[in-house]
Amino acid sequence: MAGKKRSYATKRMTLLERFERHVYPDPNTGCFLWGGCVNPAGYGVMMYHYHTALAHRVAWVLSGRDLVDGLEVMHSCDVPACVNVRHLKIGAHLANMSDMSRKGRGRAGEGKLPYGVTLRHDTGKYRAAFFAGGLRHNLGQFDTAEQAAIVALEHRDAANALESL
């Protein structure tokens, strides 16, 4: 076998061909569901420019739209495996987390509170906090979990931005 080359397919698939072979339309929802690999959160993943990328972000690029630094590709249908660009929109991380909290998705939707939020059972108030530099930073108490989550995410993102300078 030494000196022999293995026989591989002669035609390399384009990104679009690799993408489309994993997409299955759902006639009930209008979603185009990703049938390839998924991450633990249920989002489709594939190799893109030698890196693992989220399939809905690849769909965004394949539709001719640009990815913008600091913005996320968000699902309006709330289906992590959906890659239908009609169900996607671009927005800030805070808007995505606020949308998630408002709709009861993610950890909050499973009976848990969003990132950086705890409930004080003695007062019924929601406490916001974030961790940076190995320290917990308390940000106050709020009437709703959504209000507390927004404040916690704003401060966490600002702290992360400062740490990356």
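## Close-up views of a predicted model

In helix 2 (residues 55-62), the buried residues are Ala-55, His-56, Val-58, Ala-59 and Trp-60; buried means under 20% relative accessible area, exposed over 50%, and partly exposed in between (1.4 Å probe, protein chains only). Helices (H or I, at least four residues) and strands (E, at least two) are DSSP runs, numbered from the N terminus.

This is a predicted model, where local features need pLDDT of at least 70 and side-chain atom pairs count only at pLDDT 80 or more, while totals for chains, interfaces and linings use all residues. Residues are numbered from 1 along each chain as its sequence is written, and side-chain values use heavy atoms, with hydrogens and water left out.

**View A. Helix 2 and what its buried residues pack against.** The partners are helix 1 (15-20), strand 2 (32-34), strand 3 (45-48), strand 4 (51-54), strand 5 (71-75) and strand 6 (88-92); contact here means heavy atoms within 4.5 Å. After helix 2 comes Gly-64, with a positive phi near 90°. Look also for Arg-65: its charged end sits over the ring of Trp-60, 5.0 Å from the ring's centre. That label calls for NZ of Lys or CZ of Arg within 6 Å of the ring centre and within 35 degrees of the ring normal.

**View B. The largest nonpolar core, 11 residues.** Its members are Phe-19, Trp-34, Met-46, Ala-53, Ala-55, Val-58, Ala-59, Trp-60, Val-73, Val-83 and Leu-88. A nonpolar core is a set of buried Ala, Val, Leu, Ile, Met, Phe, Trp, Tyr and Cys residues joined through side-chain atoms within 4.5 Å. Setting aside neighbours within four places in sequence, Val-73 is in contact with His-56, Arg-57, Trp-60, Leu-67, Leu-88, Lys-89 and Ile-90. Another core, of nine residues, lies apart from this one and includes Ala-128, Phe-142, Ala-149 and Val-151.

**View C. One aromatic pair in the whole structure.** The ring centres of Phe-19 and Trp-34 are 5.3 Å apart with the planes at 40°, so the pair is tilted. Rings of Phe, Tyr and Trp (its six-membered ring) pair if their centres lie within 6.5 Å; planes under 30 degrees apart are stacked, over 60 edge-to-face, and the rest tilted. Phe-19 sits in helix 1 and Trp-34 in strand 2, so the pair ties together parts 15 residues apart in sequence. Both Phe-19 and Trp-34 are buried.

**View D. Two cysteines, Cys-31 and Cys-82, in no disulfide.** The count of disulfides is zero, with a disulfide being a pair of cysteine sulfur atoms within 2.5 Å. For Cys-31, the nearest cysteine sulfur is that of Cys-82, 3.7 Å away. Cys-31 is buried at 2% relative accessible area, and Cys-82 is buried at 0%. His-87, in the loop between strand 5 and strand 6, is buried too, at 14%. Not counting residues up to four places away in sequence, His-87 touches Thr-29, Gly-30, Cys-31, Met-74, His-75, Ser-76, Cys-77 and Cys-82.

**View E. The one salt bridge found in the whole structure.** Lys-125 and Asp-143 meet through their side chains at 2.5 Å, N to O; the rule asks for a side-chain nitrogen of Lys or Arg within 4 Å of a carboxyl oxygen of Asp or Glu. Lys-125 is in strand 8 (residues 125-132) and Asp-143 in the loop between strand 9 (135-142) and helix 5 (145-163), so the pair ties together parts 18 residues apart in sequence. Lys-125 is partly exposed at 30% relative accessible area, while Asp-143 is exposed at 52%.
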